Amino acid sequence: MLIMTQAKTGLVNMSQVIRIFAAGGDVMAEDRNAAIILLGSYEKTERCTEIVMEIAEKYASYLRVDGGPALTVDAYIQPKMFEPPKLYQMPTEEATQDE
């Protein structure tokens, strides 16, 4: 999964991130080289915590197909789950003030 920074100046690849955390009014990421990356800044600490949860939910999501008889041919479709390509875009400060 990729995360677009709030300023839209960069993409962070989750495969290179050790952790994402709220630090005061900032949402930060720490990469494998111990570099700290600012993902976004917000007025309220609570909003930062919500965003960290949103990122976790997006990262953990997957698509599921239950399987069953195919409607167009004489065959059975196996059940399966897969993870689609994902992009999480950090909300702007303006978007959080509307709530």
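## Strand pairing

Two strands are taken to pair if DSSP finds at least two bridges between them; strands (E, at least two residues) and helices (H or I, at least four residues) are DSSP runs, numbered from the N terminus. The model is a predicted one, in which local features need pLDDT of at least 70 and side-chain atom pairs count only at pLDDT 80 or more, whereas totals for chains, interfaces and linings use all residues. Residues are numbered from 1 along each chain as its sequence is written, and side-chain values use heavy atoms, with hydrogens and water left out.

β3 and β4 pair in the antiparallel sense over six bridges, and E30 in β4 is the bridge partner of R19. Two residues lie between the strands of this hairpin, where G24 takes a positive phi near 65 degrees. β4 also pairs with β5 (residues 36–41), again in the antiparallel sense, over five bridges, with D26 standing opposite S41 in β5. The hairpin of β4 and β5 has four residues between the strands, and A34 takes a positive phi near 70 degrees there.

Five of the six residues of β4 are buried, that is, under 20% relative accessible area with a 1.4 Å probe and protein chains only.

Not counting residues up to four places away in sequence, L39 touches I3, T5, Q6, V12, I20, V27, M28, A29 and M90, where contact means heavy atoms within 4.5 Å.

Key. Buried means under 20% relative accessible area, exposed over 50%, partly exposed in between (1.4 Å probe, protein chains only).
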